[in-house]
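Hello,

Please load it first, then read the notes below.

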Amino acid sequence: MAGRASRQTSSSPQPCPACSAPTLTQLVGRTAALNITADLTPLTPEQQAEARTPNRLIWCLYQAGPHNPPRLRWTGHHHPPNCPHPHVTEHHCRPAEQSALF
């Protein structure tokens with residue numbers, strides 16, 4: 001049962017409370033689960049290469065069927081190079097600039 005829960009989406013897509021970007025938060029992993037919040041804006045291969053750093057991973061936004069919620073899967077070792085699903089990255093919030101009040 002614990003393995004099944006780790007693959008379920010913990011929340012539906014929601015806007016970031018600080019910057020309003022569409023995000024998805026999910027617990028991913030089987031043994032050492034990580035709580036990931038990812039942007040829902042798909043990245044081109046060039047954008048993926050630019051965004052990928054040792055501390056920022058690229059995720060596959062996999063949907064098993066039309067009635068299943070989207071799931072995040074790491075695009076690491078066993079990910080097919082010709083994957084048809086959108087690829088996204090971990091959300092780094094950039095709050096909108098606030099104007100100074102005088």
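**Gln48 and the ground rules**

Gln48 counts as buried, at 12% relative accessibility. Here buried means under 20% relative accessible area, exposed means over 50%, and partly exposed lies in between, using a 1.4 Å probe and protein chains only. The model is predicted, so to speak of local features we need pLDDT of at least 70, and side-chain atom pairs count only at pLDDT 80 or more, while totals for chains, interfaces and linings use all residues. Residues are numbered from 1 along each chain as its sequence is written, and side-chain values use heavy atoms, with hydrogens and water left out.

Gln48 is found in helix H2. Helices (H or I, at least four residues) and strands (E, at least two) are DSSP runs, numbered from the N terminus. A polar atom of the Gln48 side chain lies 3.3 Å from the backbone oxygen of Leu43. For reference, a polar contact is a pair of N or O atoms within 3.5 Å; within protein, one must be able to donate a hydrogen and the other to accept it, and residues adjacent in sequence count only if both atoms are side-chain atoms.

**Overall layout**

The protein chain has two helices and six strands. Read from the N terminus, the order is α-β-β-β-α-β-β-β. The chain has 102 residues, and 27% of them are buried.

**The sheet**

Three strands form an open sheet in the order E1-E2-E3, with antiparallel pairing. Its edge strands are E1 (14-15) and E3 (34-39), each of which pairs on one side only. Two strands pair if DSSP finds at least two bridges between them. Strands of a sheet pair through backbone hydrogen bonds, either parallel or antiparallel.

E1 and E2 pair over two bridges, in the antiparallel sense. Pro15 stands opposite Pro22 in E2. E1 and E2 form a hairpin with six residues between them. Ser20 sits in that loop. Ser20 is not a glycine, yet its phi is positive, at about 70°. Ser20 is also exposed, with a relative accessible area of 55%.

E2 covers residues 22-28 and runs antiparallel to E3, with six bridges joining them. Val28 has Leu34 as its bridge partner in E3. Gln26, in strand E2, stands opposite Ile36 in E3.

Is Gln26 buried or exposed? Gln26 is buried, at 1% relative accessibility. A polar atom of its side chain lies 2.9 Å from the backbone nitrogen of Leu72.

**Cysteines**

How many disulfides does the structure hold? It holds zero disulfides. A disulfide here is a pair of cysteine sulfur atoms within 2.5 Å. Two cases are worth a look.

- Cys60 is in no disulfide; the nearest cysteine sulfur, in Cys83, is 3.6 Å away. Cys60 is buried, with a relative accessible area of 0%.
- Cys93 has its closest cysteine sulfur in Cys16, at 3.6 Å, which is too far for a bond. Cys93 is partly exposed, with a relative accessible area of 34%.

The volume of the second largest pocket is about 280 Å³. The search used a 1 Å grid over the protein atoms alone: a pocket is an open set of points with protein on both sides within 12 Å along at least five of seven lines, a cavity is a set where a 1.4 Å probe fits but cannot get out, and lining residues have an atom within 4 Å of a point. Points are joined across faces, edges and corners, and a volume is the space filled by probe spheres set on the points.

Which residues line the second largest pocket? They are Cys19, Asp39, Thr41, Leu43, Gln47, Glu50, Ala51, Arg56, Thr89, His91, His92 and Arg94. Helix H2 (residues 45-51) gives the most to this lining, with three residues. By class, the lining has three nonpolar, five polar and four charged residues. Nonpolar covers Ala, Val, Leu, Ile, Met, Phe, Trp, Tyr, Cys and Pro; charged covers Asp, Glu, Lys and Arg; the others, Gly among them, count as polar.

Best regards
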